[in-house]
Amino acid sequence: MKTIAEGRDVQREKAYAWERVVLHRLETNKKLTTPEIQRLAHRVVITYQMPSLIHVARVTHNRGHALANHTIQLPDFAHTKVYALHELAHSVQSLYEGRWSVMAGHGPEWLRTFIELLNRYKVMSKRELLRSARHYGLKVASPKAMPAGPRPHSNRAYEP
Ligand SMILES: [Zn+2]
């Protein structure tokens with residue numbers, strides 16, 4: 001996702017590399033249809049009490065992309081759980097306008113959200129995700145460092 005803070009999005013390439021090497025090859029990274037990703041997006045909207053629905057659009061022209069908090073665009077190759085959750089983490093991030101908008105697109109707060117989603121939707125356990133991300137030199141925000149705003153209400157998503 002492109003953000004106004006892109007120039008300071010210092011761990012973007014590292015996050016992409018971690019995703020590519022560690023996450024994309026997992027058996028739990030299932031291929032999903034557009035309607036399945038749409039259902040996943042609805043679950044995320046409800047869990048995070050988001051102010052609007054997220055529309056999932058299949059596109060042919062680019063890589064995955066989140067537009068504000070309303071739409072995620074996914075080309076066919078990105079119809080997988082990991083790609084979808086990557087973009088949905090950007091959608092959650094956009095909830096915290098003001099605070100989030102000065103944060104890096106793939107910074108520690110985004111990564112915390114991505115990891116919470118990967119854990120919640122059973123791609124990998126949170127403990128393994130945190131260990132692996134740190135092993136790759138990625139910074140993950142602590143739960144206490146997450147910005148104020150809507151929180152997932154159905155379980156303990158922001159545990160350390
Ligand atoms: Zn991204």
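1. Two residues are taken to be in contact if their C-beta atoms, placed from the backbone, lie within 7 Å. On that basis Arg-12 touches Gly-105 and His-106, residues up to four places away in sequence being left out of account. Arg-12 is found in helix α1, and Arg-12 and Gly-105, although 93 residues apart in sequence, are 7.4 Å apart in space from C-alpha to C-alpha. Because it has 17 C-beta neighbours inside 10 Å, Arg-12 counts as partly exposed; the scale calls a residue buried if 20 or more other C-beta atoms lie within 10 Å of its own, exposed if 12 or fewer, and partly exposed in between, with C-beta atoms placed from the backbone.

2. The model is predicted, and local features need pLDDT of at least 70, side-chain atom pairs count only at pLDDT 80 or more, and totals for chains, interfaces and linings use all residues. Residues are numbered from 1 along each chain as its sequence is written.

3. The protein chain has five helices and three strands, which from the N terminus on run α-α-β-β-β-α-α-α; helices (H or I, at least four residues) and strands (E, at least two) are DSSP runs, numbered from the N terminus. Buried residues make up 34% of the 160 residues in the chain. Among contacts between residues at least 6 apart in sequence, 60% join residues at least 24 apart.

4. Helix α4 (residues 108–120) has 13 residues and reaches 18 Å from its first C-alpha to its last, close to the 18 Å expected at 1.5 Å a residue, where the expected span is 1.5 Å times one less than the number of residues. Ten of the 13 residues of α4 are buried, so this helix is largely enclosed by the rest of the structure. Among the buried residues are Trp-110, Phe-114 and Leu-118, but also Glu-109, Arg-112 and Glu-116. The cover over the buried residues of α4 includes α1 (12–23), α2 (34–47), α3 (81–93) and α5 (126–135). Following α4 comes Lys-122, whose phi is positive, near 65°.

5. In the largest nonpolar core, which has 31 residues, Leu-85, Leu-88, Phe-114 and Leu-118 touch the most other members; such a core is a set of buried Ala, Val, Leu, Ile, Met, Phe, Trp, Tyr and Cys residues joined through C-beta atoms within 7 Å. Two or more residues are given to this core by each of α1, α2, β3 (71–75), α3, α4 and α5, and the largest share, seven residues, comes from α3. Leaving aside neighbours within four places in sequence, Leu-85 is in contact with Phe-114, Leu-117, Leu-118 and Tyr-121.

6. α3 and α4 pack at an angle of about 125°, with their axes 9 Å apart; axes are lines fitted to C-alpha atoms, for helices over the stretch in contact, and angles run from 0 to 180 degrees between N-to-C directions. α3 and α4 are therefore oblique to each other, since angles under 35 degrees count as roughly parallel, over 145 as roughly antiparallel, 65 to 115 as roughly perpendicular and the rest as oblique. Their crossing is right-handed, the near helix being turned clockwise from the far one by less than a right angle. Residues making the contact include Leu-85, Leu-88 and Val-92 of α3 and Trp-110, Phe-114 and Leu-117 of α4.

7. α2 and α3 pack at an angle of about 35°, with their axes 11 Å apart, and this crossing is right-handed. Here Ile-37, Leu-40, Ala-41 and Val-44 in α2 meet Ala-84, Leu-88 and Val-92 in α3.
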